[in-house]
Amino acid sequence: MELREVIGRRRSIRFVRPDIPVEEEKIQMMLEAARVASHWGNVQSLRGLVVFRHNAPEETLKAIQAPIAGWQIRRAPVVIVWYIETAAIDEQSDRLRELLRAGALGFGSMAEKQKALEEQLIPIFDSIREGLKAPGLGEVDCGQGIAQATLMAYELGLGTCCLGAPNSEPIRKALGLPDSCRILLLQTVGYPAEHWEAGGQRPRQPFEKLFQMNGYDTPFPRDEAVVSQLKQDKLFTRPAPLPHREAELEYLRNALDLEAPGLL
């Protein structure tokens, strides 16, 4: 299956089978995909704590409960707590030296590059180190890793859903993560209980509203021939809502023994 079709079919799967465990090797494949994702300066501040519902301590299961979509967390066989380790930036100099040795930094002779690194680049990064620990680029690159893990999950036949955690600080403390860490999100993982289309292509803002060319006032021109090609490649699927979606939701609510109807 081509990447475009994988992206097109990848949906947030909120309903997963609580009765089917997820193999550790498949979770490892997700983590491997996240590990090789691009990250500025090769800092690699993305970290993940994997919670398996069938064998995690009770206090760990209680720690990851969230006020939003808590039923998803309670039903999912696996929850990955993705977080950023800001202390990784303290190792920035070593990561840059690794890039230099790998031939991925600068040009010229090795002696010239080493001199520029030690006398110019590293001092610059040292001077702004604390600022780099603030929310910003680090979260962006962590997101790339999470996205790659998500695509890997789909390739393995798994469904996932990324959930925000408004109570992230209590979760961080309960899991024993250092103060230097920030919870990014919780990702439920399991075998899908709903169809991969999950109701159809989600509503999206108009293309021209989101993207510009050469200036803010000039929308990026959308070529309908490109759109047609991507539809053929299954990047786009049928628009939501699909017929019988409400019936599917009611079936899932009963099959999974969920609470009374509601959004959370």
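**Figure 1. The side chain of glutamate 194 reaches the backbone nitrogen of arginine 14 at 2.9 Å.** This is a polar contact, meaning a pair of N or O atoms within 3.5 Å; within protein, one must be able to donate a hydrogen and the other to accept it, and residues adjacent in sequence count only if both atoms are side-chain atoms. The model is predicted: local features need pLDDT of at least 70, side-chain atom pairs count only at pLDDT 80 or more, and totals for chains, interfaces and linings use all residues. Residues are numbered from 1 along each chain as its sequence is written, and side-chain values use heavy atoms, with hydrogens and water left out. A polar contact of 3.0 Å also links the side chain of glutamate 194 to that of arginine 245. Glutamate 194 sits in the loop between β4 (181-190) and α10 (207-210). Helices (H or I, at least four residues) and strands (E, at least two) are DSSP runs, numbered from the N terminus.

**Figure 2. Glutamate 194 is buried, at 6% relative accessibility.** Buried means under 20% relative accessible area, exposed means over 50%, and partly exposed lies in between (1.4 Å probe, protein chains only). Neighbours within four places in sequence are left aside here. Glutamate 194 is then in contact with Ser12, Ile13, Arg14 and Phe15, and also with Arg245, Glu248 and Leu252. Contact means heavy atoms within 4.5 Å.

**Figure 3. Arginine 14 lies in the loop between α1 (3-9) and α2.** Its relative accessibility is 37%, so arginine 14 counts as partly exposed. Beyond four places in sequence, arginine 14 is in contact with Trp71, Gln72, Cys161, Glu194 and Arg202. Glutamate 98 is 84 residues from arginine 14 along the chain, and the C-alpha atoms of the two are separated by 40 Å.

**Figure 4. The whole structure holds zero disulfides.** A disulfide is a pair of cysteine sulfur atoms within 2.5 Å. Cysteine 161 is in no disulfide; the nearest cysteine sulfur belongs to cysteine 162, 6.8 Å away. Cysteine 181 is in none either, and the nearest cysteine sulfur, on cysteine 142, is 11 Å away. Cysteine 161 is buried, with a relative accessible area of 2%. Cysteine 181 is buried too, at 3%.

**Figure 5. The peptide bond from alanine 240 to proline 241 is cis.** Omega is near -5°. Most residues other than glycine have a negative phi, and most peptide bonds are trans. Proline 241 is placed in the loop between α11 and α12 (245-255).

**Figure 6. Lysine 234 and glutamine 44 have positive phi values.** Phi of lysine 234 is near 70°, and the residue is not a glycine. Lysine 234 is in the loop between α11 and α12. Its relative accessibility of 39% makes lysine 234 partly exposed. Glutamine 44, also not a glycine, has a phi of about 55°. The loop that holds glutamine 44 runs between α2 (24-35) and β1 (46-52). Glutamine 44 is partly exposed, at 33% relative accessibility.

**Figure 7. Proline 219 lies in the loop between α10 and α11 (224-232).** Proline 219 is partly exposed, with a relative accessible area of 41%. Lysine 209 is ten residues away along the chain; the C-alpha atoms of lysine 209 and proline 219 are separated by 6.9 Å. Not counting residues up to four places away in sequence, proline 219 touches Glu208, Phe211, Gln212 and Met213.

Figure 8. Of the 264 residues in the protein chain, 40% are buried. Among contacts with a separation of 6 or more, 81% join residues 24 or more positions apart. The protein chain carries 32 positive and 36 negative side chains, and the centres of the two sets lie 3 Å apart. Lys and Arg count as positive and Asp and Glu as negative; His and the chain ends are not counted.

Terms used
Charge placed at Lys NZ, Arg CZ, Asp CG, Glu CD.
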